[in-house]
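Please look over the sequence and the model before reading on.

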Amino acid sequence: MDRFVFLAAAGLARGAVLALFALSLVIVWRTARAVNFAQAAMAAAAVYAAFAVTAATGSYWAGLATGLAAGALLGAGAERGLMRRLPAHAPLPGIIVAIGLVMVLQAGLAIAFGPEHRPMHPPFSQRPFLIGGVPVLSPYDLFTLAAAAAVMAALALLFNRTPLGLQLRAAAFAPETARLLGVRVPRMATLGWALSVAAASLAALLLVPTELGLNPHAVDLLFVNAFAVAVIGGLDSPAGALLAGIGTGLLVSLVTGYVSASAAPLAVLALMTLVLLVRPGGLLAPKEARTA
Amino acid sequence: MSALACEGLTVGYGGAPVIDALDLDIAEGAVVALLGANGAGKTTLLRALTGLVPLRTGRIALHGRDLTAESTEDRVRSGLALVPEGRSVVVELTVDENLRLGGLWRHRRKALDAAAEDMYALFPALDRRRRAPGHTLSGGERQMLALARALLARPRVLLLDEPSLGLAPKATAQLLGVLRATAARTGLTVLLAEQNVTGALSVADRGVVLSLGAVAADRPAADLAADPALRHAYLGF
């Protein structure tokens, strides 16, 4: 039982990061109807910016702020400089450009910083608290949970309770109708990409200190798992990303603890397959529209 | 005074033009029925006026201001609104969200609340379904919502594309009645593209018949309705 509690607590923190990264994919899908396959590389670039500022100033918080700003700028730049210029209603060019962007960013980061793992230190201890002699969440896990929860809550508020969020959603769901209602759709797409990559960058910034360290591929596995989470939850559903993220985080932690780390990706794949067989649109996919 | 003026509009999708050197002038406060058979160019003209389809040549002015080079969003913000064919409700949003979306650029929060309440008073069927998701609305409710949303922004010129499409006669009559009453009360200028010729001419001051992308007739609505030769030649009844 002690082992289960420890693994579940660890899974909760991992799940929060997964949910946040998955939410970033949901945001860009909801605001621009695109899957950003360069999300991991862009988030890694933002983490390198944070790493450089922290190294120069000695402040984790300055690095964190820089990382978020770099993520937002990268997202906005990718949308304005690349994605906007691609033909609408054809997903393939977007996928090809994103893959090209991954190659450029990862090669550029390797040239600039080297391919080796660079240690990133967390701002809080990673030593878990003991409750009844059982190790549970560490101060850093609590920070991770709080940061992910705060950002997800802020994004939920933005999208569901503000005029800007309403315009972001309308621009994604029905761009032509939104334009006819005076919504500046290209601006909404830029903002969506900026928010999305900033959220992904935060997830990466929270994850990297708990892993081997920072290298150009440090966020790749997070992207793969988060993409599965976004699909499991329903690509259109922020609540689905949260639910599936926590569930998948728990699953990965328990399978890693009780079986082996190698089996964890297979467990995620099995979960995704099972969910898609039962609910092809994901757990919280939107309901079908009335047609008469 | 001219509310909407088009000079030499030519629009097409590749080959021969769908709208060919069209001139049209609509006076402020007029309700104009835009009629014509399928393929005459009604929808293309409305989409070109709002900038959804680019012009090959020509000029568009709204109350004397040249809109030709402006984006769709800027034309809307200048006072030109289009309710497109097909009940353009955002089905993922609720009725209230759809409605408010129409006035976000125009109103501050309190004014938007008041404007939304005005629309609910005008369309009580929507008032009862404020929280309902768009995908649960019937065709008539969607058309009402699309019209209410366009009116919420207080446009100066309203373009409507086949608002009666797929609606029962009672719903069509109700919709056209609201449109006529609103135009009379507010001085709104309306360009109404319709296949329902009788319904459109019953609320319009003037009828413009399009044929092969050009104006085939432009006369008072009552004259047009009473001219069997014209009706037979261009409108098929």
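## Terms and basis

A crossing is left-handed if the near helix is turned anticlockwise from the far one by less than a right angle, and right-handed if clockwise. Helices (H or I, at least four residues) and strands (E, at least two) are DSSP runs, numbered from the N terminus.

This is a predicted model, in which local features need pLDDT of at least 70 and side-chain atom pairs count only at pLDDT 80 or more, while totals for chains, interfaces and linings use all residues. Residues are numbered from 1 along each chain as its sequence is written, chains are lettered from A and ligands numbered from 1 in the order in which they are written, and side-chain values use heavy atoms, with hydrogens and water left out.

## Helices α1 and α10 of chain A

The crossing of α1(A) and α10(A) is right-handed. Helix α1 of chain A covers residues 2-32, and helix α10 of chain A covers residues 238-258. Their axes lie 6 Å apart, at an angle of about 145°. Axes are lines fitted to C-alpha atoms, for helices over the stretch in contact, and angles run from 0 to 180 degrees between N-to-C directions.

## Helix α2 of chain A and its partners

Helix α2 (residues 39-57) of chain A packs with helix α3 (residues 60-81) of chain A at about 150°, their axes 7 Å apart. This crossing of α2(A) and α3(A) is right-handed. The contact (heavy atoms within 4.5 Å) includes A:Met42, A:Ala46 and A:Val53 of α2(A), and A:Leu64, A:Gly67 and A:Leu74 of α3(A). By class, the residues are 12 nonpolar, 7 polar and no charged. Ala, Val, Leu, Ile, Met, Phe, Trp, Tyr, Cys and Pro count as nonpolar, Asp, Glu, Lys and Arg as charged, and the others, Gly among them, as polar.

α2(A) also meets helix α8 (residues 185-207) of chain A. The two axes come within 8 Å and cross at roughly 65°. Again the crossing is right-handed. Among the residues that meet are A:Val47 in α2(A) and A:Leu205 in α8(A). The contact of α2(A) with α8(A) has 9 nonpolar, 3 polar and no charged residues.

## Where chain B meets chain A

Chain B gives 28 residues to the contact, and chain A gives 22. About 2300 Å² is buried between chain B and chain A, 60% of it from carbon and sulfur atoms. Buried area is the accessible area (1.4 Å probe) that two parts lose on being put together, summed over both. In chain B, B:Glu73, B:Leu101 and B:His135 lose the most area to chain A, together 24% of what that side buries.

There are 4 salt bridges between the chains. A salt bridge is a side-chain nitrogen of Lys or Arg within 4 Å of a carboxyl oxygen of Asp or Glu. B:Asp74 forms one with A:Arg184, the closest N and O atoms being 2.9 Å apart.
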